[in-house]
Protein chains: 6
Amino acid sequence: MTEKLCSESYAEMTELVLPNDTNMLFNLMGGKLMQWMDIVAAISAQRHSNRLVVTASVDNVSFKEPIKLGYVVTLKAQVTRSFRSSMEVHIQVWAEDVPNQRRFKSNEAYLTFVALDNEGKPVSVPVAVPNNDIEKHLFTTALNRRELRLVLAGKMKPSDAEGLRSMFTEK
Amino acid sequence: MTEKLCSESYAEMTELVLPNDTNMLFNLMGGKLMQWMDIVAAISAQRHSNRLVVTASVDNVSFKEPIKLGYVVTLKAQVTRSFRSSMEVHIQVWAEDVPNQRRFKSNEAYLTFVALDNEGKPVSVPVAVPNNDIEKHLFTTALNRRELRLVLAGKMKPSDAEGLRSMFTEK
Amino acid sequence: MTEKLCSESYAEMTELVLPNDTNMLFNLMGGKLMQWMDIVAAISAQRHSNRLVVTASVDNVSFKEPIKLGYVVTLKAQVTRSFRSSMEVHIQVWAEDVPNQRRFKSNEAYLTFVALDNEGKPVSVPVAVPNNDIEKHLFTTALNRRELRLVLAGKMKPSDAEGLRSMFTEK
Amino acid sequence: MTEKLCSESYAEMTELVLPNDTNMLFNLMGGKLMQWMDIVAAISAQRHSNRLVVTASVDNVSFKEPIKLGYVVTLKAQVTRSFRSSMEVHIQVWAEDVPNQRRFKSNEAYLTFVALDNEGKPVSVPVAVPNNDIEKHLFTTALNRRELRLVLAGKMKPSDAEGLRSMFTEK
Amino acid sequence: MTEKLCSESYAEMTELVLPNDTNMLFNLMGGKLMQWMDIVAAISAQRHSNRLVVTASVDNVSFKEPIKLGYVVTLKAQVTRSFRSSMEVHIQVWAEDVPNQRRFKSNEAYLTFVALDNEGKPVSVPVAVPNNDIEKHLFTTALNRRELRLVLAGKMKPSDAEGLRSMFTEK
Amino acid sequence: MTEKLCSESYAEMTELVLPNDTNMLFNLMGGKLMQWMDIVAAISAQRHSNRLVVTASVDNVSFKEPIKLGYVVTLKAQVTRSFRSSMEVHIQVWAEDVPNQRRFKSNEAYLTFVALDNEGKPVSVPVAVPNNDIEKHLFTTALNRRELRLVLAGKMKPSDAEGLRSMFTEK
């Protein structure tokens with residue numbers, strides 16, 4: 001069973017918000033941002049697994065401030081934890097109004113991917129090893145997020161989600 | 001305070017998966033599907049509110065089977081419940097391999113939108129009124145999904161999320 | 001020879017006019033609308049024939065009012081009549097300025113498609129059966145539209161187009 | 001009233017069929033070709049009128065042979081006749097499989113455009129003057145095509161379409 | 001060894017600058033223009049060689065005036081000289097503000113392409129024969145441009161670039 | 001006169017080659033790569049100048065190996081030197097076949113941008129300060145590249161290009 005540092009999967013994408021990416025208010029469309037998130041996270045999961053990967057799920061994403069035409073968007077993706085043939089990728093999105101030197105964190109999200117072999121069957125991936133405090137925190141909390149995904153997908157009963165239950169019950 | 005039936009916000013979108021929408025396996029990209037979901041849900045929220053709307057959040061989306069080049073994708077969106085200036089929209093996605101007469105449910109998701117007035121300020125929307133059993137179920141469960149969104153966005157403490165807590169604690 | 005109701009081929013597409021779809025006046029481009037018409041009509045013809053289909057012709061389309069950035073466009077397509085391996089599809093296009101609650105019929109058109117087998121050869125399709133007055137009217141008038149297509153394509157002499165001739169000569 | 005030669009409005013567009021333009025058979029989509037036709041014809045109408053123009057109608061277009069990925073498509077557009085504020089543009093489309101040195105005429109079509117002044121009101125355009133036999137033929141037959149458009153748009157009774165009637169009745 | 005006139009490779013492309021092609025100032029993006037240049041030059045090289053071609057290099061391109069949304073862009077491409085399996089293509093770009101009857105030369109560039117056989121191996125192409133003064137000038141100066149490309153790619157020492165050296169040393 | 005480190009302008013873009021970006025061989029199109037180079041270099045120039053920027057020139061770019069569908073492309077851009085209102089940006093492009101763990105340098109290029117004030121007039125930018133050996137080398141050689149651009153644009157006589165002349169004459 002091979003191991004690989006989480007940081008080896010790091011991928012960064014920078015995009016300029018162009019008219020083609022915007023809605024009728026000339027703000028970046030939520031769906032377009034999610035498309036970028038999907039691509040950069042897939043690259044990160046590919047780097048970890050050295051395999052073709054397919055999106056398995058996208059966790060809750062919330063949008064705060066509008067990102068306007070001409071802003072620069074930076075997406076940073078890194079694997080947080082692997083589970084047999086799947087990987088959770090953490091993404092952070094910053095928006096930047098460069099001429100006005102304003103930069104703000106726009107979104108954060110977790111996507112999961114499944115690695116496929118050449119026949120398109122799921123295949124096991126290296127163990128992702130966290131190496132600093134932030135990575136370790138993301139590694140640990142990945143279990144709760146996973147339980148939540150399974151509950152939301154109807155694959156686990158809420159009462160069996162022990163991590164979540166303790167989260168919601170402890171004061 | 002005006003009221004409006006949930007069903008008045010219904011919007012349906014049919015798309016054909018073209019090369020432009022696919023990844024290197026010629027399967028529909030997850031991010032592209034999310035872009036379609038964002039658009040059809042925005043249309044539904046517009047129909048409910050008769051306002052410009054912006055995406056506030058996209059709940060957990062999971063992807064099951066690959067949707068291949070040439071498949072027909074049908075997205076059905078309808079408002080489930082309104083909260084002052086925001087609306088939750090439920091989306092169901094079907095994929096169809098028409099020549100082989102195979103059709104399967106691909107995804108389900110909840111997106112929330114905020115309605116804006118002409119100055120771009122949030123503005124209150126009509127109360128969404130459910131009118132059959134399915135709509136009533138979606139209306140009721142919207143509260144739990146909302147708590148989850150607030151908890152995930154760090155705007156509510158898990159211990160204050162009463163609906164969720166009871167869900168995770170009851171056997 | 002199988003039969004199929006015209007209504008089984010119904011397909012509906014909803015699109016939001018985004019900057020990418022507009023011309024320098026930020027109005028929907030005629031060519032972009034025709035592209036959407038082609039796709040939704042192809043889906044309808046696919047549903048009727050359960051075959052791959054290719055566009056054979058697009059009848060005269062006229063554009064009335066501009067459709068502006070941010071409008072919602074709804075396209076409704078249904079097979080009107082089948083001819084051996086080809087099908088005529090009727091499309092209706094509505095444009096909607098949702099915030100101002102204005103909705104107008106923008107276009108109407110007829111497209112024909114040919115169904116192909118796996119070797120790419122034309123293959124016969126089910127007989128399309130109309131089931132209400134509107135469908136019956138479209139079914140009957142399909143013959144004249146077909147004559148017109150043949151005349152315009154130089155495949156029929158105007159003097160042999162009996163249906164058209166009677167239309168142009170009767171007072 | 002200014003005059004202008006038809007040939008002054010000539011516009012030529014060459015495109016390479018890329019994956020983005022194709023359907024699931026990797027053939028050029030009918031709708032994409034119509035989008036190119038709309039653009040090149042608009043350029044031609046602009047050149048004749050030196051005005052912004054909007055598409056008023058697209059006449060019957062028929063598709064013969066598939067145009068495959070990698071083919072070169074050449075579109076040639078020229079105004080045939082002007083009518084107060086509108087212009088008819090004739091388009092010819094050739095497809096070319098360059099490596100195999102095969103070239104065939106794919107389509108022919110007529111589009112009409114309306115010229116607009118700066119307030120978006122229709123404005124009169126120069127008289128289009130044909131200058132050779134082909135141009136004169138297109139100029140003369142433009143009247144019949146115009147009658148047909150008016151009849152199909154429900155703006156003229158078939159029995160009032162004198163040019164068409166004689167066409168369909170004479171042996 | 002076959003010969004072919006340079007003029008037989010002529011290709012012309014006309015494009016309308018649409019929102020999708022522009023940056024946040026609604027001016028044509030440099031990168032989009034380069035994409036068009038690449039396509040039209042590839043078509044020209046294909047016409048000369050009757051082969052699939054791939055871009056080998058793009059020479060220095062400079063941008064003068066902004067090309068605005070709604071302008072018409074005309075690109076004219078023609079092979080200047082062939083070298084075994086490669087061809088140099090000269091491109092001229094004009095921009096046109098049609099309503100204001102203003103037209104200016106925007107760019108000029110040289111691209112080189114390599115012709116490939118069916119196994120993807122470089123294959124020799126016909127000798128390009130210039131036939132007028134302009135073509136002969138482009139044919140002659142192609143040698144210096146080629147030396148410059150080799151020097152810039154690190155494949156030739158500056159001191160071996162005889163044509164360039166004489167250009168830089170002669171008064 | 002403000003100064004700014006070259007490294008502060010660093011921008012990195014990661015892209016996945018999708019069907020939409022490829023030619024008929026499903027290799028990344030040269031023009032598409034140039035579009036990405038233009039965007040990431042513009043972001044870098046914006047970061048240095050905190051201004052809107054427009055592309056002034058793209059230096060010679062050569063393409064070596066094909067970049068295939070599904071490869072990951074990484075573009076790294078950084079300002080090398082500033083000249084009053086213009087900046088030269090150096091770009092390095094790597095292509096990566098992740099599943100096969102093969103990574104190669106695909107291209108290198110220099111683009112120049114002009115910074116604009118709010119009226120669209122050129123405006124002076126901070127002095128770019130190199131801070132390590134590589135940056136210093138790029139800073140020094142920027143003068144020769146600038147001379148070459150001026151010569152190629154016909155704005156400087158070859159005989160006045162002292163830096164270039166010495167380069168081509170010294171053994």
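**Interfaces and shared sheets in the predicted assembly**

A salt bridge links F:Arg47 to A:Glu96, with 3.0 Å between the closest N and O atoms. The model in which this pair is found is a predicted one. Between chain F and chain A the count is 2 salt bridges. A salt bridge is also formed by the side chains of F:Glu96 and A:Arg47, at 3.0 Å from N to O. F:Glu96 belongs to strand E6 (residues 86-97) of chain F, whereas A:Arg47 belongs to helix H1 (residues 30-49) of chain A, so this pair joins two chains. Side chains of opposite charge can pair when their charged atoms come close. Over all chains, the count of salt bridges comes to 44.

The contact between chain F and chain A involves 20 residues of chain F and 19 residues of chain A. Together the two chains bury about 1900 Å², of which 56% is on carbon and sulfur atoms. F:Thr14, F:Arg47 and F:Asn50 account for 27% of the area that chain F buries against chain A, more than any other three residues. On the side of chain F that touches chain A, at least two residues each are supplied by strand E2 (11-16), H1 and strand E5 (72-83) of chain F. E2(F) gives the largest share of that side, 5 residues.

The area buried between chain F and chain E is about 3200 Å², and 68% of it lies on carbon and sulfur atoms. The count of salt bridges between these two chains is 0, while 8 residue pairs are in polar contact across the interface, both residues being at pLDDT 80 or more.

Chain F is superposed on chain E by a rotation of 180° with 0.0 Å of shift along the axis, at an RMSD of 0.0 Å. The two copies are therefore related as by a two-fold rotation axis. The same surface serves both copies, in that 100% of the contact residues of chain F recur in chain E. Among the residues of chain F, F:Asn60 comes closest to the rotation axis, its C-alpha being at 2.3 Å.

One open sheet has 6 strands in the order E2(C)-E5(C)-E6(C)-E7(C)-E3(C)-E4(D), with antiparallel pairing. At its edges stand strand E2 (11-16) of chain C and strand E4 (61-62) of chain D; each has a single partner strand, so one side of each is left without a neighbour in the sheet. Within this sheet, strand E5 (residues 72-83) and strand E6 (residues 86-97) of chain C run antiparallel and are joined by 11 bridges. C:Gln78 is placed opposite C:His90 in E6(C). Helix H1 (residues 30-49) of chain C packs on the sheet and touches E2, strand E3 (52-58), E5, E6 and strand E7 (102-116) of chain C, its direction making about 45° with that of E5(C).

Another open sheet of 6 strands has the order E4(C)-E3(D)-E7(D)-E6(D)-E5(D)-E2(D), and its pairing is antiparallel. Its edge strands, strand E4 (61-62) of chain C and strand E2 (11-16) of chain D, each pair on one side only. E2(D) is joined by 6 bridges to strand E5 (residues 72-83) of chain D, and the two run antiparallel. The bridge partner of D:Glu15 in E5(D) is D:Val73. Helix H1 (residues 30-49) of chain D lies across E2, strand E3 (52-58), E5, strand E6 (86-97) and strand E7 (102-116) of chain D, at about 45° to E5(D). Helix H2 (residues 133-152) of chain D also packs on the sheet, touching E3, E5, E6 and E7 of chain D, and its direction makes about 80° with that of E5(D).

Some pairs of chains do not meet. No contact joins chain A and chain D, whose closest C-alpha atoms are 15 Å apart. Chain B and chain E likewise have no contact, with their closest C-alpha atoms 15 Å apart.

Conventions
Residues numbered from 1 in each chain as written. Chains lettered and ligands numbered in written order. Predicted model: local features only at pLDDT ≥ 70, side-chain atom pairs only at ≥ 80, totals over all residues. Heavy atoms only, no water. Least-squares fit on C-alpha atoms with pLDDT ≥ 70 in both. Contact = heavy atoms within 4.5 Å. Pairing = 2+ DSSP bridges. Helix = DSSP H or I, 4+ residues; strand = E, 2+ residues; numbered from the N terminus. Axes fitted to C-alpha atoms, helices over the stretch in contact; angles between N-to-C directions. Buried area = accessible area lost by both parts, 1.4 Å probe. Salt bridge = Lys/Arg side-chain N within 4 Å of Asp/Glu carboxyl O. Polar contact = N/O pair within 3.5 Å; in protein donor to acceptor, adjacent residues only side chain to side chain.
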